[in-house]
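Reader: I would like to learn how to read a protein model, feature by feature. Please take me through one.

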Amino acid sequence: MPALILPLIDAVARWPQRGALIGLDLGTKTIGVAVSDPDRRLATGVTTLQRKAFKADAVRLLDIATERAAVGFVLGLPINMDGSEGPRAQSTRAFARNFSQLTELAIALWDERLSTAAVERELIGMDMSRARRAKVIDEHAAIFILQGALDRLANNNL
């Protein structure tokens, strides 16, 4: 049975009370990956995957989920500032639809507006070089996305 793709608030009902979540920042060339602790309090970075073919990317993500005993996924949905969805959001939804055919773990979509910009500012504030930022920005964006979702869940006692 394919995974359900839901807003975060609805997805939490499909996940067990405990268990790690995998956060994803989908880029055109890379996928930033983060994971939460089983109590869903803290997101930490895992890696940045160089995108290849969808099937190969999906296998790597499912392997990470298995290694981390994950119970669900949180995908950053890049919504425009005016609330509309552009080509990147459509691409993320297409990825989620295809990915859902390969797993039964519920997939939550989480508004990631300004996540990359916020992470970029943070990394610049840490005086990180442009080259180093380029290597870690997607992983850090995945952390930012997942931590935002975890905070939302904690603040609503969901």
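Predicted model: local features only at pLDDT ≥ 70, side-chain atom pairs only at ≥ 80, totals over all residues.

Reader: How many helices and strands does the protein chain have?

Author: Helices (H or I, at least four residues) and strands (E, at least two) are DSSP runs, numbered from the N terminus. Here the protein chain has five helices and six strands. Their order from the N terminus is β-α-β-β-β-α-β-α-β-α-α.

Reader: What share of the residues in the protein chain is buried?

Author: Start with the cut-offs. Buried means under 20% relative accessible area, exposed over 50%, and partly exposed in between (1.4 Å probe, protein chains only). Of the 158 residues in the protein chain, 46% are buried.

Reader: Now a helix. Which residues of α2 are buried?

Author: The general idea comes first. An α-helix has 3.6 residues a turn, so residues three or four places apart point the same way. In α2, the buried residues are Asp57, Ala58, Leu61, Ile64 and Ala65. They cover an arc of only 125° around the axis, which puts them on the same side of α2. The arc is that of the directions from the helix axis to the C-beta atoms. Lys55, Thr66 and Glu67 are exposed on the other side of α2.

Reader: Which elements do the buried residues of α2 pack against?

Author: They pack against β2, β3, β4, β5 and α3.

Reader: What span does α2 reach from its first C-alpha to its last?

Author: The expected span is 1.5 Å times one less than the number of residues. With 14 residues, α2 reaches 20 Å, close to the 20 Å expected. Just after α2, alanine 69 takes a positive phi of about 50°.

Reader: On to cores. How many residues does the largest nonpolar core have?

Author: In soluble globular proteins, nonpolar side chains tend to be buried together. A nonpolar core is a set of buried Ala, Val, Leu, Ile, Met, Phe, Trp, Tyr and Cys residues joined through side-chain atoms within 4.5 Å. The largest one here has 24 residues. Ile22, Leu24, Ile31, Val33, Leu61, Phe73 and Leu75 have the most contacts inside this core. The elements giving two or more residues to this core are β2 (20–26), β3 (30–36), α2 (54–67), β5, α3 (87–100) and β6 (107–111). Apart from it lies another core, of 19 residues, including Trp15, Leu21, Val74 and Ala149.

Reader: Is isoleucine 64 buried or exposed?

Author: Isoleucine 64 is buried, at 9% relative accessible area. Its place is in helix α2. Leaving aside neighbours within four places in sequence, isoleucine 64 is in contact with Ile22, Val33, Val46, Thr47 and Leu49. Isoleucine 64 and valine 35 are 29 residues apart in sequence, and their C-alpha atoms are 9.3 Å apart.

Reader: Where does alanine 70 lie?

Author: Alanine 70 lies in strand β5 (residues 70–77). Alanine 70 is buried too, at 11% relative accessible area. Beyond neighbours within four places in sequence, alanine 70 is in contact with Ala20, Ile22, Ala65 and Leu105. The C-alpha atoms of alanine 70 and leucine 105 are separated by 8.4 Å, at 35 residues apart along the chain.

Reader: Last, how many salt bridges does the count come to?

Author: A salt bridge is a side-chain nitrogen of Lys or Arg within 4 Å of a carboxyl oxygen of Asp or Glu. The count comes to four. One of them joins aspartate 39 and arginine 18, at 2.7 Å from N to O. Aspartate 39 lies in the loop between β3 and β4 (43–50) and arginine 18 in the loop between α1 (8–11) and β2, so the pair ties together parts 21 residues apart in sequence.

Reader: Which residues are linked in a network of salt bridges?

Author: Arg51, Asp57 and Arg60 are. The closest N and O atoms of aspartate 57 and arginine 51 are 3.6 Å apart. Aspartate 57 counts as buried, at 1% relative accessibility, whereas arginine 51 is partly exposed, at 27%.

Notes: Residues numbered from 1 in each chain as written. Heavy atoms only, no water. Contact = heavy atoms within 4.5 Å.
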